[in-house]
Amino acid sequence: MLIRAAFLALLLSLLGAAYVSVEPAYGATGIKATGGHLVEANGERLVLRGVNHGYYFGKGPSSVFADIKASGANSVRVALSSGTGFPATPPAEVADVIGRCRENRLICVLDVHDTMGYGTEPGAATIAQAVDYWLTLRKVLLRQESYVIINIANEPSGHAVNVDWIGDTKTAIQRLRSAGLLHAIMVDAPNWGNDSFHVMRDHAAEVFASDPEHNTIFDVHMYGPFNTAQKVSDYLDVFVRQRLPIVVGEFSSIHQYGDPDEDAIMAYCQHHDLGYLGWAWSGNSPEYHYLDMVDGFRPAKRTDWGRRLIDGPDGLRQTSREAGIYGGFWLAARR
């Protein structure tokens, strides 16, 4: 009996050691950039299909995340403030946003929005200031790698502004990684996000290689400069050929500075399994009201743009699939 007990103890010990050896290390789970696409911890491909929510300048009703989910979205890009121009979104509030995303089975793309148009927009924050803010959220963000993507800095320079996007972005990624934030990181293109001078496009591989986790996603905003299908495909083809993950993090059907080809954007993203997030759910200022998808945060009051993105060809209803972490259902079947 003693021999048998000793043998069982040894066997259990070996089994325990084996279990520990295969337990994923911290950061080994969650959303990853692999082969030019996003995948979840179980290896399933994650294709973002969602909308933007201008949270820090218009929170909307308590139902807003549920309303966004009901539109067919599997993800929402939530605008936060680092404290430049608007009060900083406090950690407890960010934790609540993440909780509401999870409650409504949405992937949460959090972005620091007040970097928009740095160098052109008075008082805009720098990429470095955005990182300072992210570091205040470290405790809130840890262990959320399966649910949260960190979008460092929204549209981090204006038009024709001479900033070191490459160096500043590399430094930002390194600072976040050094702080133990191993999430998928999204980086916006310069020049109001449109990458007018192809700085992000031409240096994306270099920036991706600088990330010790190799878990960086590139985000282009397609407004006026992307007014033909050829311009859309010419830009995105470069990332697809290099197998670098790219999403269209903002776009619309009309814009005061040109007419984006939303049909081409959505069709290309669908064909190549790339993510897109339309701008924006509701709450834009009066001069940009045409960018609202629903009027006054009322989901039954869809605008032309909202109807196009939600119910049109290659729209949310047709193409969105819930993230695997939540079950992976085709959302079009759950109307």
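## Briefing on a predicted chain

Leaving aside residues up to four places away in sequence, histidine 53 touches Gly58, Lys59, Val64, Phe65, Ile68, Val76, Arg77, Val78, Ala79 and Phe297. Histidine 53 belongs to strand 4, which covers residues 49-53, and with a relative accessible area of 1% histidine 53 is buried, because buried means under 20%.

**The chain as a whole**

- The chain contains 11 helices and 11 strands, and of its 335 residues 54% are buried.
- When contacts between residues at least 6 apart in sequence are considered, 74% of them join residues at least 24 apart.
- The chain exposes about 14200 Å², and 57% of that area is supplied by carbon and sulfur atoms.

**Helix 4 and what covers it**

- In helix 4, which spans residues 127-136, the buried residues are Ile127, Ala130, Val131, Tyr133 and Trp134.
- Viewed down the axis of helix 4, these buried residues fall within an arc of 160°, so they line one face of the helix.
- An α-helix has 3.6 residues a turn, so residues three or four places apart point the same way.
- The cover over the buried residues of helix 4 includes strand 5 (75-80), helix 3 (91-103), strand 6 (107-112), helix 5, strand 7 and helix 6.

**Helix 4 against helix 6**

- The axis of helix 4 and that of helix 6, which runs over residues 165-178, come within 10 Å of each other and cross at roughly 10°; because angles under 35 degrees count as roughly parallel, helix 4 is described as roughly parallel to helix 6.
- Helix 4 makes this contact through Ile127, Ala128, Val131, Asp132, Trp134 and Leu135, while helix 6 contributes Asp168, Thr169, Ala172, Arg175 and Leu176.
- Sorted by class, the residues in the contact of helix 4 with helix 6 are seven nonpolar, one polar and three charged.
- Ile127, Val131 and Trp134 of helix 4 are among the residues that make the contact with helix 6, and they are also listed as buried.

**Helix 7 against helix 8**

- Helix 7 packs with helix 8 (residues 229-242) at an angle of about 10°, their axes being 10 Å apart, and this makes helix 7 roughly parallel to helix 8.
- On the side of helix 7 the contact is made by Met200, Arg201, Ala204 and Ala205, and on the side of helix 8 by Tyr235, Val238, Phe239 and Gln242.
- The contact of helix 7 with helix 8 has six nonpolar residues, one polar and one charged.

**Backbone features in the loops**

- Most residues other than glycine have a negative phi, and most peptide bonds are trans.
- Arginine 143, although not a glycine, has a positive phi of about 70°; arginine 143 sits in the loop between helix 5 (138-141) and strand 7 (148-151), and at a relative accessible area of 61% arginine 143 is exposed.
- Histidine 198, likewise a residue other than glycine, has a positive phi near 60°; histidine 198 is located in the loop between strand 8 (185-188) and helix 7 (199-210), and its relative accessibility of 29% makes histidine 198 partly exposed.
- Tryptophan 279 and alanine 280 are joined by a cis peptide bond, for which omega is about -10°, and alanine 280 is placed in the loop between strand 11 (275-278) and helix 10 (304-311).

Terms used: Residues are numbered from 1 along each chain as its sequence is written. This is a predicted model: local features need pLDDT of at least 70, side-chain atom pairs count only at pLDDT 80 or more; totals for chains, interfaces and linings use all residues. Side-chain values use heavy atoms; hydrogens and water are left out. Helices (H or I, at least four residues) and strands (E, at least two) are DSSP runs, numbered from the N terminus. Buried means under 20% relative accessible area, exposed over 50%, partly exposed in between (1.4 Å probe, protein chains only). Contact means heavy atoms within 4.5 Å. Accessible areas come from the Shrake-Rupley method with a 1.4 Å probe; for residues, only the protein chains shown count as cover. Axes are lines fitted to C-alpha atoms, for helices over the stretch in contact, and angles run from 0 to 180 degrees between N-to-C directions. Angles under 35 degrees count as roughly parallel, over 145 as roughly antiparallel, 65 to 115 as roughly perpendicular and the rest as oblique. Ala, Val, Leu, Ile, Met, Phe, Trp, Tyr, Cys and Pro count as nonpolar, Asp, Glu, Lys and Arg as charged, and the others, Gly among them, as polar. The arc is that of the directions from the helix axis to the C-beta atoms.
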